[in-house]
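Open the model in a viewer and keep the selection panel at hand. The stops below are given in the order in which to select them.

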Amino acid sequence: MIRRRDVVAGLAGTLGLGARPVRAAAWPARPISVVVPYPPGGSTDITARIAGERLSHALGQPLVIDNRPGAGGNLGLEIVARAPADGYSFGVATTAHAINMTLFRKLNYDTRTSFAPVALLTENPLVLVVPAQSASRSVADLIAAAKAKPGALNYASSGIGQSTHLAAELFASMAGVKLTHIPYRGSAPAITDVIAGRCDLMFDTTQSVLAHVEGGRVRALGITSAERLPLAKDIPTIAEAALPGYVAIAWNGLVAPKGTPAEIVARLNAETVRALQEPAVAAKFAGLGATSRPLAPDAFGAFMADEIAKWGAVVKQSGATLD
């Protein structure tokens, strides 16, 4: 049976009148798409799926994870920027999208203006590791070795412009040393060469590297967070070990297309904060070395703006650029 309201809605669409604004009380009425701009199985994808599972229960509708990798995370965020601002399209922005604002000569979106910030999901520190056979047993040792032979020490990264690259550039800048960058296509081949001693050091995510630390294949010298990580309390922060003020965090958070109704953004923020504070969810993230903290949408937007400025300065100093 064709209902009158369906005919009216169809005519409105045909005439270009558009739909009436979605009311938060009636939202969501169908599944919600969340674009993850990286392949399945990575830390961003895992984070989105853990949060998405709990949010699906809270909202009464499935959150469908849509993996759209490519162009350093730009492809997926461009899809979100162009999606309808109707409360059914969201995406996961990461540290890379703060970095990419300066790294890429041209982008088809602007992390500062193309999105409505929703909520910070997780923050994950990196770990500074060296081969197990390295003579450096502390951050101070590593800095001394780098100063003794400028440019002789090389570091691996998961790719140009990734957090694993720029964390090392920030380290070199603050320590006053010169290091040689060797980019890889992903973390796995990079850490493999560190284990083998073909690279002298690497900054890598806790998910990727802690198992190698525990297995004795690499030695952890420091962690990039402001405080020690409960998952690895014996690893000092780089700030306390040698470089006061050094912090480099890999983060991710939910964003929506610009113009998404504020009441929907506010509700999803509230549900996300509640989900992240649930003991079972917090325990899953803690097991990955990740932490969560509640930020309102405006605060998350300010956080992203600060990250764009911070990493933009590091990118410019490094001279890195991509088309």
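Helices (H or I, at least four residues) and strands (E, at least two) are DSSP runs, numbered from the N terminus. On that numbering, the loop between helix 1 (4-14) and strand 1 (32-36) contains Pro28. The model is a predicted one.

**Stop 1: two loops**

Select Trp27 and Pro28. The peptide bond that joins Trp27 to Pro28 is cis, with omega near 0 degrees. Next, move to Ala71, in the loop between strand 2 (63-67) and helix 3 (74-82). Ala71 is not a glycine, yet its phi is positive, at about 55 degrees.

**Stop 2: the domains**

Colour the chain by domain: domain 1 covers 32-123 + 250-318, and domain 2 covers 125-241. To the contact, domain 1 brings 15 residues and domain 2 brings 15 residues. Draw a line between the two C-alpha centres and the distance is 26 Å.

**Stop 3: the largest pocket**

To find the centre, select Tyr38, Ser43, Thr44, Ser158 and Gln162, which lie nearest to it among the 40 lining residues.

- the helices are helix 2 (43-59), helix 4 (95-103), helix 6 (163-175) and helix 8 (206-214);
- the strands are strand 4 (115-131), strand 7 (201-205) and strand 9 (249-257).

Which element gives the most to the lining of the largest pocket? Helix 2 does, with 5 residues. Coloured by class, the lining of the pocket shows 24 polar, 14 nonpolar and 2 charged residues.

**Stop 4: strand 9**

Buried here means under 20% relative accessible area.

Strand 4 pairs with strand 9 in the antiparallel sense over 9 bridges; in strand 9, Ile249 is the bridge partner of Pro125. Strand 3 (residues 89-94) also pairs with strand 9 in the antiparallel sense, over 4 bridges, and here Thr94 has Asn252 of strand 9 as its bridge partner.

**Stop 5: Trp251**

Within strand 9, select Trp251. This residue is buried, with a relative accessible area of 2%. Then check the distance to Thr44: C-alpha to C-alpha, Trp251 and Thr44 are 8.7 Å apart in space, although 207 residues separate them in sequence.

**Stop 6: the cavity**

How many cavities of 30 Å³ or more does a search of the whole structure find? The search finds 1. The largest cavity holds about 50 Å³ of space. Select its lining: Val34, Ala48, Ala51, Gly52, Leu55, Leu63, Ile65, Leu121 and Leu254. Helix 2 and strand 2 are the elements that give two or more residues to this lining, and helix 2 gives the most, with 4 residues. By class, the lining of the largest cavity has 8 nonpolar residues, 1 polar residue and no charged residues.

Technical notes:
Residues numbered from 1 in each chain as written. Predicted model: local features only at pLDDT ≥ 70, side-chain atom pairs only at ≥ 80, totals over all residues. Heavy atoms only, no water. 1 Å grid on protein atoms, 1.4 Å probe; cavity = no way out; pocket = protein on both sides within 12 Å on 5 of 7 lines; lining within 4 Å. Nonpolar A, V, L, I, M, F, W, Y, C, P; charged D, E, K, R; others polar. Pairing = 2+ DSSP bridges. Buried < 20%, exposed > 50% of the residue type's maximum accessible area, 1.4 Å probe, protein only. Domains from an automatic or database assignment. Contact = heavy atoms within 4.5 Å. Points joined across faces, edges and corners; volume = space filled by probe spheres on them.
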